[in-house]
Amino acid sequence: MVIEELKPSKHVEGRWLAVLEDGSILRIGESEVVNFALYSGKELSEDEADLLQASARRSGLKTKAIELLMRKPQSRKELGRKLAEWEAAPEEAEAICDRMEELGYLNEPEYASRIVRHYAQKGFGARKIRDELYRRGIPRELWDEAMAQIEDNSPAIDAFLEKKLKGSHDPKDIKKASDALARRGFSWSEISDALRRYGMEIWD
């Protein structure tokens, strides 16, 4: 297989286009150009062509992973699922995740902290936040440190009750507000304390 033309991409920095003799175009990175000593007119053996295509495929997966992580942080588990969707073999996905961690693009402790801050600021309780950490595949050993960021939930719960009840002490309204707080991940002890501050007697 002969490389008829080798040229840098006009659209993606660091990418090169290898136009092969059959008219197909192989998108490769600078590392492939250097490692395989590529140039226009070079003839590749069948084995070299296979190795080049495999290397280009891995480079493409790494590039897609970096682009994804720059747009939206991911857990290792989430990135692994995405790589599988891109048809990466399990060992390829593991190696790419390792590389993303080495480069700092994949940072699960920071990602866990961001999730906790985001949902706490939106007025959700610890149970809901833990559910979200679980859903996103954050390792459990990172949960406690991330959850330690949560400050006193009392102001958020009090504000929620004031907004929902608007001064009402009707037991039906109180139950609706309490149920809503429970769905948001607050514990019954947190809710009952808030109801006492609101001026309600607590029933069993």
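**Entry 1. A loop residue, Lys166**

I began with Lys166, which I found in the loop between helix 8 (154–165) and helix 9. Helices here are DSSP runs of H or I with at least four residues, strands are runs of E with at least two, and both are numbered from the N terminus. I noted that phi of Lys166 is near 50°, a positive value in a residue other than glycine. Is Lys166 buried or exposed? Lys166 counts as exposed, at 73% relative accessibility. The classes I use are buried for under 20% relative accessible area, exposed for over 50%, and partly exposed in between, with a 1.4 Å probe and protein chains only.

**Entry 2. Basis of the reading**

I am reading a predicted model, in which local features need pLDDT of at least 70 and side-chain atom pairs count only at pLDDT 80 or more, while totals for chains, interfaces and linings use all residues. Residues are numbered from 1 along each chain as its sequence is written, and side-chain values use heavy atoms, with hydrogens and water left out.

I looked up the confidence next; pLDDT is the predictor's confidence in each residue, from 0 to 100. The protein averages a pLDDT of 91, and 98% of the residues score at least 70. Which elements have the lowest and the highest mean pLDDT? Strand 3 has the lowest, at 87, and helix 3 (residues 76–85) the highest, at 97.

**Entry 3. Overall form**

I recorded 10 helices and three strands in the protein. From the N terminus on, the elements run β-β-β-α-α-α-α-α-α-α-α-α-α. The radius of gyration is 27 Å, well over the 17 Å that the globule rule gives for 204 residues, so the protein is more spread out than a compact globule. This radius is taken over C-alpha atoms, and the rule is 2.2 Å times the number of residues to the power 0.38. Along its principal axes the C-alpha trace spans about 85 × 30 × 20 Å.

I also noted the surface: the accessible area of the protein comes to about 12800 Å², and 48% of this belongs to carbon and sulfur atoms. Such areas come from the Shrake-Rupley method with a 1.4 Å probe; for residues, only the protein chains shown count as cover. Of the 204 residues, 39% are buried. Among contacts with a separation of 6 or more, 50% join residues 24 or more positions apart; a contact means heavy atoms within 4.5 Å.

I turned to the three strands, which form an open sheet in the order 1-2-3 with antiparallel pairing. Two strands pair if DSSP finds at least two bridges between them. Strand 1 (3–8) and strand 3 (25–29) are the edge strands, each pairing on one side only. The twist averages 25° from one strand to the next. Angles run from 0 to 180 degrees between N-to-C directions, and axes are lines fitted to C-alpha atoms, for helices over the stretch in contact.

How many bridges join strand 2 and strand 3? Strand 2 (residues 15–20) pairs with strand 3 in the antiparallel sense over five bridges. Helix 2 (residues 46–71) packs on the sheet, where this helix touches strand 2 and strand 3, and its direction makes about 60° with that of strand 3.

I then listed bridge partners in strand 3: Arg27 for Leu17, and Leu26 for Ala18. The hairpin of strand 2 and strand 3 has four residues between the strands, and Gly23 in this hairpin takes a positive phi near 95°.

**Entry 4. Further residues**

I located Ala37 in the loop between helix 1 (30–35) and helix 2. Its phi is near 50°, a positive value in a residue other than glycine, and Ala37 is partly exposed, with a relative accessible area of 44%.

I found Arg140 in the loop between helix 6 (126–135) and helix 7 (143–147). Arg140 is exposed, at 54% relative accessible area. The C-alpha atoms of Arg140 and Arg130, 10 residues apart along the chain, are separated by 9.3 Å.

I placed Pro155 in helix 8, where Pro155 counts as exposed at 52% relative accessibility. Pro155 and Leu38 are 117 residues apart along the chain, and their C-alpha atoms are separated by 64 Å.

My last entry is Ser178, in helix 9 (residues 171–183). Ser178 is buried, with a relative accessible area of 5%. What is Ser178 in contact with, leaving aside its neighbours within four places in sequence? Ser178 is in contact with Ile191 and Leu195.
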